[in-house]
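Open the model in your viewer and keep the selection panel at hand.

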Amino acid sequence: MDHMPAITHEVAFLLLIFALMVVPRIVQRFRIPAPLSSFGLGMAATILIGQFSQEGTLALLATLGIASLFLFAGLEVELADFKRGKWTLLRHLAFRSIVLAALTFLAMHYLAFSWQVSVLLGLAVLTPSAGFILDTLPTLDIGEEERYWVRIKAISGELFALIVLFVVLQSESLESLGWSSAALVAMIVGLPLFFMGLGRLVIPHARGSEFSLLVMVGVIAAFMTYKLGVYYLVGAFLAGFIAKLLRKRMPSLASEENLHAIRMFASFFVPFYFFYKGMGVPAGALTMEALKVGAALTLVGLPMRVGLVWIQRRIIKGESALASLRVAAALTPTLIFTLVLASILRERFQISDALYGGLLIYAGMSTLL
């Protein structure tokens, strides 16, 4: 009898793993993305059973999920793709900067938010979720040229947002920004050396260890940037990006096999991230006020984002109206990045539960589209 509670907890955890692996896949037949299902399961678990006894374990699994997802996003970066479309891409990022500045001004002037909150809200509304988009890109009925532009615009948009996020979160003082920037530069310099050291000391004597070493470095880098106050995703993305840059020197590190393995690893752990975040949704985020905020963000934000990309493609690239619309629609999902920014805004800047809930609704609607 003394062992019954422990057995019950283990069985409950096994049932949770089964539910997260199976239920979202079943629900996908109704065109509901798996991350949304996992998030909903987390909310339902909190309502039905309350506090989960294994919350520490869930937090660890959630960290592995978000770190591996952004590690994969970093590995997907192809510098040759950026060189091919660099001028179009630079105009796209310049235009995005102007739109972000305009949204920041409007939020400060009409909603009385601080400039930090205003910038992060703008990023939450505008930034495509590259990890989710790249994962679903093969299933979209679009041409190869359109896939190329969707891929590099999603990655460049997220990279731009990560840089802005770093500056905003370290903007409390010039001293804080300086020290954090120095630490980030040290990471950028140190990660290639660390990878090459592992390539000389470990990989030749342990064939097949590239995957585990890459995940290990990605998680360590994610934890380091979290300690810097800029969340896990910056370090994980950076580790993946640097591993890709070292592909000529260490071809096995960012090989196609490793890329596929990281994708599979992330697909297993990412549901825990969404489930864990779903468990943390406060009651105030499930009110009619939150629904109104989410509806307003969706009705204004989605047509604005689709329209802006559509106009850019029509003017800059001279594409047909339908091709421009396909690229614009494929770039609408903001699920992961909006969820991360909503959590940061709630934890560090104490935004209202209604606004937090509204951002969750917007993220869900943009992803369902």
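A cavity, on a 1 Å grid over the protein atoms alone, is a set of points where a 1.4 Å probe fits but cannot get out. Grid points are joined across faces, edges and corners, and a volume is the space filled by probe spheres set on the points. The count comes to one cavity of 30 Å³ or more. This is a predicted model: local features need pLDDT of at least 70, side-chain atom pairs count only at pLDDT 80 or more, and totals for chains, interfaces and linings use all residues. Residues are numbered from 1 along each chain as its sequence is written, and side-chain values use heavy atoms, with hydrogens and water left out.

**Stop 1: the cavity**

Select Arg-96, Leu-126, Arg-305, Leu-308 and Val-309. Among the 13 residues lining the largest cavity, these lie nearest its centre. Lining residues have an atom within 4 Å of a point. The volume of the largest cavity is about 140 Å³.

Now colour α5 (86–111) and α13 (288–317), each of which supplies at least two residues of this lining. Helices here are DSSP runs (H or I, at least four residues), numbered from the N terminus. Which helix gives the most to the lining of the largest cavity? It is α13, with five residues.

Colour the lining by class: eight residues are nonpolar, three polar and two charged. Ala, Val, Leu, Ile, Met, Phe, Trp, Tyr, Cys and Pro count as nonpolar, Asp, Glu, Lys and Arg as charged, and the others, Gly among them, as polar.

**Stop 2: the largest pocket**

A pocket is an open set of points with protein on both sides within 12 Å along at least five of seven lines. The largest pocket has a volume of about 990 Å³. Select Gln-28, Pro-33, Phe-132, Thr-136 and Thr-139, the closest to its centre of 35 lining residues.

Next show α2 (34–49), α3 (55–75), α7 (130–136), α12, α14 (321–330) and α16 (353–368); each supplies at least two lining residues. With seven residues, α12 gives the most. The lining of this pocket divides into 21 nonpolar, eight polar and six charged residues.

**Stop 3: the second largest pocket**

This pocket holds about 540 Å³ of space. Centre on Ala-107, Leu-111, Leu-121, Val-125 and Leu-297, the closest to its centre among 22 lining residues. The elements giving two or more residues to the lining are α5, α6 (115–126) and α13. Its lining has 17 nonpolar, five polar and no charged residues.

**Stop 4: two partners of α15**

Show α12 (residues 256–279) with α15 (residues 335–349). Their axes, lines fitted to C-alpha atoms over the stretch in contact, come within 12 Å and cross at roughly 40°. Angles run from 0 to 180 degrees between N-to-C directions. Under 35 degrees counts as roughly parallel, over 145 as roughly antiparallel, 65 to 115 as roughly perpendicular and the rest as oblique; α12 and α15 are therefore oblique to each other.

Select Tyr-273, Phe-274 and Lys-277 of α12, then Leu-335, Ile-336, Leu-339, Val-340, Ser-343 and Glu-347 of α15; they make the contact (heavy atoms within 4.5 Å). By class, this contact has six nonpolar, one polar and two charged residues.

Glu-158, Ala-161, Leu-162, Leu-165 and Leu-169 of α8 meet Phe-337, Leu-341, Ile-344, Arg-348 and Phe-349 of α15. This contact has eight nonpolar, no polar and two charged residues.
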